[in-house]
Amino acid sequence: MKELKEIELKWQKKWEKDKLFVAKEKGKKCYVLEMFPYPSGLGLHLGHTFNYSIGDAYARFKRARGFNVLYPMGYDAFGLPAENAAIKEKIHPKEYTEKSIKNFIFQQKRLGISYDWNKLIKTCDPEYYKWNQWLFLKFFENGLAYRAKAPVNWCGHCGTVLANEQVEDGECWRCHSKVEIKQLEQWFLKITKYADELLKDISGLNWNEKIKIMQKNWIGRSDGIEIDFKLKNSEDKLKVFTTRPDTLWGVTFVVMAPENPKVFDLVRGTKYENEIKKFTNKVVIDEKYERAVEDKEKEGLFTGRYAINPVNNQEVPIYIANFVLLEYGTGAVMAVPAHDQRDFEFARKYKIPVKVVIKPKEYELDAEKMMKAYVDMGIVINSDKIFNGMNNFDAIKEIIKYLEKKKFGKRTINYKLRDWLISRQRYWGTPIPIIYCDKCGILPAEIPVLLPDDVKFSGEGNPLANHEKFHKVECTKCGGDARRETDTMDTFFDSSWYFLRFIDNKNEKKIFDAKKIEKWMPVDQYIGGAEHAVLHLLYARFFVKAMRDIGLLEIDEPFINLFNQGMINKNGMRMSKSKGNVIDPMETIEKYGADTLRTYLLFMGDPGKNREWDDKGIEGVYRFLKKIYSFKNKIKPRLNIKDKILESKLNQIIKEITVDMDEFKFNLAINRLMQLTNFMHTQKENISAKVFDDSLKKILIMLSCFAPHISEELFENGYVSVAEWPKADEKKIDKKLEDDEEQIEKLIDDINNVAKIVKEKNKDIKKCFVYVLPKELKIYNDSIEDISRRTSFEIKIFSVADKDKHDPEKKSSKAKIGKPALYLE
């Protein structure tokens, strides 16, 4: 339909002109939000379009149900891609980003998404990121932001820190020099302070169970004990966390994560230093993704240092190894090869002794002959005489008490969760508002700290560090020379509270008005991909809890309800340019219209699961919408013999679709609308104008959640986008009448199918004789005119008990309940 584009643009202009989707101050609230996008220079992809189609369908449904809907859009606009573009394409990140955002807005409006554009935010705007800085300083004041050393990817040739994405095969993406691990002072947020609460509150969230489990595992609570191993020839101690103190007497070596900062202190100035550095670079850079895989070969290096086991004073060597991660415990573990398979494999490879301290009841273990670690329950042996002979699991509590009494360690709870490193050595991000003075120390900067526009993007070093006017400043306390922090914030900082700023996005005096937050939060429905299951969702939860404790708000959780959409594949594969199976949303809109694309994306199947794109499928949806549009041409006069059936069907699907929409079963809702539309189309001459028009009006209100433009065009009572959702009239639902109608439809199909077979044999057909059971005679006789019209034959209907029936071939004997017999001549 050539006019589709004109229709869509017409209504989009009308919605914008009349500010139809602006959230109101009063009414029962419903805050609907999709995870806001990074504005890629490539524009919207099909995944974006799918995500927004889901959110818009739900927002439109809630408006129709009488809710005051807040449905905003913004852009997560800082990030590395824009900075890389600045280096490669010689375009300023600001210009690149603004151009990308403009394109995104154009495309989203072209889709007809019902956003409240008055709420627009862009995280790269100073009006937004100055509040990032304000929040950071609040965290700093309250002990939630601190500075500490952490390992980074370092390119010595470029003199810069690299993001993981900028390390390719262990080399710098720009100059291809070897990347090494370097310890630098970095800024952290103390998310671990909230580990227990973050874990506990997961149970109250209406989220997919897989997502909840992923968060629980990421936080990773372990109850155990932290044990002090003294370093040989040193006053220092190495703290080791374990949940299995029952194996402490079987420790034969200690293993540290290669990137643990203490490793470099242990080997500094020794013959082991260079080899340790090489190994660390190899493990942390080259093998960063596969090192934790269970069947990965265990590799390590001796550091040249020894630790002393506090319970038996035995000296044990200290190794670094690829299977120990900094994220767990203290970044150092005690190794018990007799009772841990990873330790066992490592010990055998590097010829480290194995000592058995737990044995099964039934037999003895020989450390020299063991082929694998013994990891089951057993009896404690070769340990302190107090514990020998005890069940090892029973002994754990007693051993912890013993260690605490001897002051060898203390009971503790450990988490896999680590404090959040937010420092990024990049330009295109929020500047961290801190200054350093040799006399006064670390001080908060006056905000906003604005990004300078006049920077050079050579790819060598952080542009801010090379900008003297930016980093050379006056101390805010003593007035002397000081240095401004040149790191910028991780962009996850920006996205950890954006949903709060939407609510009061034009407030210049405060981060937001607490009363408005109280009105709108928490978000009623959050929508986004499962790839954000951990980081974004966990950080947002942390921010809300931290902001609550600072006194900025009173809620505990940002998103009570979360819906994760699936992926759309083509030819059985994820869409990508390299595979040549990408569907461009804008090209599809140009061919079929936005309504068709949106409706098809939600009709393909369960939106929470992965689905397969089918070109024939979108053609089918296109035909369906054309059929709807054909109702614009009214037919008069009309009969009323199908009025009651239509009213019954309509009220039944209103009930069903209302439930479908609340449960995100959009594919079922669209399918029900298709079936009802098909009925109306085939029966339009048998339905009175009043009932037909009234039914169409209600159908258009429901359809507008998916195809708003066509629905607006056919709706004749104001805007369909703000019309009230239809209510089902239970009194008009007649299941028997619908069942009878279904029998008629089956009969018509049977007559046409049999006629087709007979005609293929070159036989001329003029009449059709139908034989039905006596109690069904009235059902079919009442529809005889409709049956005749839709089969093009003269129809005669007989009861099988009728002695005078015309039945030359005795076909009536084959009639069954709901299945008439046929004879054509």
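Predicted model: local features only at pLDDT ≥ 70, side-chain atom pairs only at ≥ 80, totals over all residues.

Analyst: Residues are numbered from 1 along each chain as its sequence is written, and side-chain values use heavy atoms, with hydrogens and water left out.

User: Why is the pair F563 and F664 called stacked?

Analyst: Rings of Phe, Tyr and Trp (its six-membered ring) pair if their centres lie within 6.5 Å; planes under 30 degrees apart count as stacked, over 60 as edge-to-face and the rest as tilted. The ring centres of F563 and F664 are 4.5 Å apart and their planes make 15 degrees, so the pair is stacked. The structure holds 53 aromatic pairs.

User: Where in the chain do F563 and F664 sit?

Analyst: F563 is in strand β27 (residues 562-565), and F664 is in the loop between α20 (643-662) and α21 (666-682). They are 101 residues apart, so to speak a link between distant parts of the chain. Helices (H or I, at least four residues) and strands (E, at least two) are DSSP runs, numbered from the N terminus. F563 and F664 are both buried.

User: Which residues form one aromatic cluster?

Analyst: F139, Y194, W420, F492, F493, Y539, F542 and F543 do.

User: What makes K182 a charge over the face of W154?

Analyst: The rule asks for NZ of Lys or CZ of Arg within 6 Å of the ring centre and within 35 degrees of the ring normal. K182 lies over the face of W154, at 3.9 Å from the ring centre. K649 lies over the face of F679, at 5.2 Å.

User: Which residues touch the most other members of the largest nonpolar core?

Analyst: W613, M661, L673, F706 and W725, in a core of 121 residues. Helix α2 (residues 46-64) gives the most to this core, with 9 residues. A nonpolar core is a set of buried Ala, Val, Leu, Ile, Met, Phe, Trp, Tyr and Cys residues joined through side-chain atoms within 4.5 Å. A second, separate core of 64 residues includes Y128, Y194, Y498 and A546.

User: What does the side chain of R598 reach?

Analyst: The backbone oxygen of L111, at 3.0 Å. The backbone oxygen of F706 lies 3.2 Å from a polar atom of the R598 side chain. A polar contact is a pair of N or O atoms within 3.5 Å; within protein, one must be able to donate a hydrogen and the other to accept it, and residues adjacent in sequence count only if both atoms are side-chain atoms. R598 itself is in helix α18 (residues 594-603).

User: Which peptide bond is cis, with omega near 5 degrees?

Analyst: The one from I447 to P448. P448 is in the loop between β22 (441-444) and α12 (468-471). A cis peptide bond also joins M521 and P522, with omega about 0 degrees.

User: What is the phi of H176?

Analyst: About 65 degrees, a positive value although H176 is not a glycine. H176 is in the loop between β8 (171-172) and β9 (180-189).

Terms used. Buried < 20%, exposed > 50% of the residue type's maximum accessible area, 1.4 Å probe, protein only.
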